[in-house]
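Colleague: I'm new to this one. Could you show it to me and then take a few questions?

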Amino acid sequence: MAELNREESKRTLHKIVTDLTSPIQKHYGFKPWIFSLLLIIGVGLYAYVTQLQKGLGATNLNDYVSWGLYIAGFIFFVATALIGMLISSVLGLIGVKWIHPIARIAEMIALGFALMAGLVIVFDMGRPDRAHHLFLYGRPQSPIVWDLTVVLTYTAISLLLYILPLIPDMPFLKKTIHNRPKWQQKVYNFLAFNWIGDREQYRILKRSIRVLSILIIPVALAIHTVTSWLFALTPRVGWDSTIFGPYYVTGAFVNGVAAVLIAMYIFRQNFKLKEYLTDFHFERVARLFVLMMLVYLYFNINEYIVPGYKMKKGEDVHLLTLFSGHYSGLFWYTQFTGLLLPIFLLLFKKMRKPVPTAIIGLFVIIAGLLKRLLITVPTLEHPHLPIQNVPESFHSYTPNGIEWAILGMSIGGALLIITILAKLFPVMPIWEIAHDKGVHEDDIKNYDPKEYESNKAIN
Amino acid sequence: MNIRHKIAISITASLFFVSQLAHAQWNIPEDSKTLKAPKPVSAESVIAGKALYNTNCASCHGQPGENNAIALSPKPTDLGSSEFQARSTEGSVYFQVSEGMGTMPSFKTSLKDDECWQLAQYIRSFSAEGAVDLSSQSKDLDLRLDLTSKEHKIIAVAYDKGASVEGVKVAFFIKRYFGNLPIGVSKTNANGFAQAQFPTDIPGADTLGTTEVIVKFAEEDLYGKKIITEKVAWGKPFKFINPLDDNHLWASRANTPTWLLLSYLGVVGGVWLTILWVVGQILKIRTYGKWH
């Protein structure tokens, strides 16, 4: 970082503060965006009320396929939420600098999706009024209880990892944002925790962040491993796999990086942050993306080729529906658009630019949801005993409108959380960016927008 | 083996193969039908036949006249039915029992010749001409038990109006969950004593090893249906262990395996303590800012 002279330092800081806080004040297309999110959520709520009245019979779930779109959605949400750990913790601890403008975006995604993951589980309950029974009667032997614990823990840590780096930004917000409602000021005041920017406060803050960054790694691995164990701890064909934990975790990273790329693109365009989320950042994240996809591809090869080569009796029915049967279209679609094609395309430098990466990210994330449906459903359609003397509709499963609407509401909910956070707080840590650009510590500590404006007046 | 037997064997053998293709018919030679048992029918022979029937035949045919044969195809005939009796003679039944056909086994290798005749006479006793009056032969005896608690011996005494009776078969059983376990049959001696040894490997019903001994006359038709049961603590003590009562993965939450509970609480507790520590750090930042 180049040392800036006093004048430049102040000027740079003021620019950063203005760039990052102005989207909070005014923001193009905010209203239609919120409106469409609320519409999606409204439709989902209507569907959910119907489901509450009729019970899970309102969905296409049945006695055999009792886990469908909701559970696939749950894995998808947990998977996406895992990105917080990868970006801000793993890369942060290694000391990678280019993650500074991205880390908070990743943390917002983590928070939004982790919160919704918990809700999706409730949507899948036939008797949500008994949700608290999980705590009252849950058995510590059950992976479901582990999952519950770990989802709550991960959400708590993600929340802290979001809030902690926010603290030094609060004085900037207090000083610059005046035209917003009173409660918003109060939130800033509260979250400032009397921040004055002393060395001692930085020391405590950075130490806390470091401890949490380390802690979140095993917790994040646990959350997705336990999610995979909901499946792998049963002896069912297609789930009975020893690599399910890492298979899920790597799949989650692919999903999460895709989500981050899309979010980066949207913030770059809509929040006018081209100077902060540069081509360089997209290029770096795209490389990370390829690496993650290669690892996930490796796990896919193991997960399908090992049993596929043996074609054990009983497993063959399941594998063949994926490779060449009923689900083959979907299966190969997810493998091609979710892994092979993106890996190939991103080998070219031209493709590692903002627009192409965002589009590729979109395809990958859609494939990610479908892939999780493929992990959940076909296994349930192939129970160990033949399906006999049951209604025709029990033989197969496709989610119905109610299920899609409720899943849509969950995705809408996650996006709403992210939107609200982005509307309340800067999407990048002002203090860290300023520090990276060589702004003097004293200037960060004693920032005063009026002073700059009066300076400008004198000049 | 005489020539008649040889013919009969070849006939049954060929019948057996035919029966694999279609439901075969009994082919009873005319001279077999008129054949008579070497010993004329008597109460003893009918009672002996009945005992043989109950061990060898009742499992398929059920009790004669009660139409309770097991579901086989073809269905084993109710041997007490008038339809069957009308077309049978002592000789024809003897032939059918000793030769068999299809599912109906041949008994001439597993039973002695006079036993086959006893069976035939018992079965024919359900017809008018074969009927035998058993009451003349039978008399109700009394039975008494003596238990030697040291050697675990069961001693039964059969007596008639105070006088012990010799040569009466007494059957000994132990009551089990799904029926009575026979442990022996023995004849009373000159003093009217019959005895059986209680086995050493019988599990009891409880921690004391309580079991129930049952003693009755082996030939109830002759000596009456007297049954004596007695509880003895001679079995092996038995303690029922409910697999759900121990700490297992599949047990209730109160029975979580200790290692699992400790790991779970340890990990979760450690993580949450750290989270609380961080919250404490935030408060520290807050108080610091307040005083500076």
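**Where the chains meet**

Colleague: How many salt bridges are there between chain B and chain A?
Modeller: This is a predicted model, where local features need pLDDT of at least 70, side-chain atom pairs count only at pLDDT 80 or more, and totals for chains, interfaces and linings use all residues. A salt bridge needs a side-chain nitrogen of Lys or Arg within 4 Å of a carboxyl oxygen of Asp or Glu. Between chain B and chain A, the count is 0.

Colleague: How do the residues on chain B's side divide?
Modeller: We sort them with Ala, Val, Leu, Ile, Met, Phe, Trp, Tyr, Cys and Pro as nonpolar, Asp, Glu, Lys and Arg as charged, and the others, Gly among them, as polar. The side of chain B touching chain A then has 17 nonpolar, 8 polar and 4 charged.

Colleague: How much area do chain B and chain A bury between them?
Modeller: Buried area is the accessible area (1.4 Å probe) that two parts lose on being put together, summed over both. Carbon and sulfur atoms hold 72% of it here, and the value is about 2,500 Å².

Colleague: How many residues of chain A does chain B contact?
Modeller: Contact means heavy atoms within 4.5 Å; side-chain values likewise use heavy atoms, leaving out hydrogens and water. Chain B brings 29 residues, and chain A's number is 33.

Colleague: What box do the C-alpha atoms of chain A fill?
Modeller: Think of a box laid along the principal axes. For chain A, that's roughly 90 × 50 × 40 Å.

Conventions. Residues numbered from 1 in each chain as written. Chains lettered and ligands numbered in written order.
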